[in-house]
Amino acid sequence: MNGRGLPMLLAQAYETYRPRLFGLAYRMLGIAADAEDIVQDVFAHYMRMEAEGIRDEKAYLTKMTANRCINLLKSSRRRREVYTGPWLPEPMPDDKGISFSDPAERRENVGYAYLVLLQRLTPLERAIYILKESFGFEYGNIAEMLNRTEMSCRKTFSRAKAKVAADESKQILDESEGSAKKSFVEAFLRASDTGDFKPLTAFLLEDVTLITDGGGKVRAAINPILGIGRVLAFFESLTAKGTFKEGFETVLLQGGETGLALRREGRVAYVLCAEREPEGPRIRRLYMVVNPDKLTRFN
């Protein structure tokens, strides 16, 4: 192959597989910048290889990405353990989100609650679950990618699936879930404008939980806020302090999910995401990300 043909093929591979690899890394890591770094590293390594011996380019690039993500998660475990307050994944605006060309991947809209749930799996469970459930790889392919036996992969997937099922979080953003979240978002906008959050009781479960992530960079609740009374009091106290004075706005998140964003001096400083109860219209968890490092994609 001439010197001109190889760069063209590499550029084509990058355009074809980058969204897929970023989607995998973002699901596993929960941080967009880390996912981007992984994908760039994979392609930098791939450019230096003799690619003629690779039979399945897509599987090989996926293998490199998954293993790099597992290694990064293991090395960053201590950092997450000493993180100030709860650790939440980085939300992403839809215009910079995950776009797929593979029909197997389009079947799943990646909601924010799903990303939170994935972070509760071990790195290996996460890799195997995503490769099987989201990307449709067979156990034999996954075993080869991760240097495991097929039986081991089956057991790990079964364990991961049981953890996901136990949480009862919906993976797919269906029409009813989207409608429930939009209704809550509209009610929250009215409440934050008026300062009266009591009407939100119609949209929240009695034992609703609010989790905030400031990462020690800005003020946030160190522990989850439990119960509808405490959650509403938290919002009312922020309103009284003038925190919400610039007003929230709706924002489209990854997978087409509707969320809320609050700007300060023109920059997004808060992003609020809601998680609906499994078999009903009300909201059971609220996730508020205020760590500025996790909001760069909105700014």
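## Basis

The model is predicted, and local features need pLDDT of at least 70, side-chain atom pairs count only at pLDDT 80 or more, and totals for chains, interfaces and linings use all residues. Residues are numbered from 1 along each chain as its sequence is written, and side-chain values use heavy atoms, with hydrogens and water left out.

Helices (H or I, at least four residues) and strands (E, at least two) are DSSP runs numbered from the N terminus.

## The sheet

Six strands form an open sheet with mixed pairing, in the order β2-β1-β6-β5-β4-β3. Its edge strands, each pairing on one side only, are β2 (225–226) and β3 (248–253). Two strands pair if DSSP finds at least two bridges between them.

Strand β1 covers residues 204–213 and is joined to β2 by two bridges, the two strands running antiparallel. In these bridges T209 is partnered by L226 of β2, and L210 by I225 of β2. Between β1 and β6 there are six bridges, and these strands run parallel. D213 has V289 of β6 as its bridge partner.

Eight of the ten residues of β1 are buried, so the strand is mostly covered; buried means under 20% relative accessible area, exposed over 50% and partly exposed in between, with a 1.4 Å probe and protein chains only. Helix α11 (residues 228–240) lies across β1, β2 and β6 (283–289) and runs at about 50° to β1.

## Helices α3 and α7

Two packed helices are described by the angle between their axes and the distance between the axes. Here the axes of α3 (residues 57–75) and α7 (residues 123–134) come within 9 Å and cross at roughly 155°. Axes are lines fitted to C-alpha atoms, for helices over the stretch in contact, and angles run from 0 to 180 degrees between N-to-C directions. The two helices are therefore roughly antiparallel to each other, a term for angles over 145 degrees.

The crossing of α3 over α7 is right-handed, meaning that the near helix is turned clockwise from the far one by less than a right angle. On the α3 side T62, A66, I70 and L73 take part, meeting P123, L124, R126, A127 and L131 of α7; contact means heavy atoms within 4.5 Å.

## K181

K181 is located in helix α10 (residues 175–194). This lysine counts as buried because its relative accessibility is 3%. A polar atom of the K181 side chain lies 3.2 Å from the backbone oxygen of A274.

Notes
A polar contact is a pair of N or O atoms within 3.5 Å; within protein, one must be able to donate a hydrogen and the other to accept it, and residues adjacent in sequence count only if both atoms are side-chain atoms. Angles under 35 degrees count as roughly parallel, over 145 as roughly antiparallel, 65 to 115 as roughly perpendicular and the rest as oblique.
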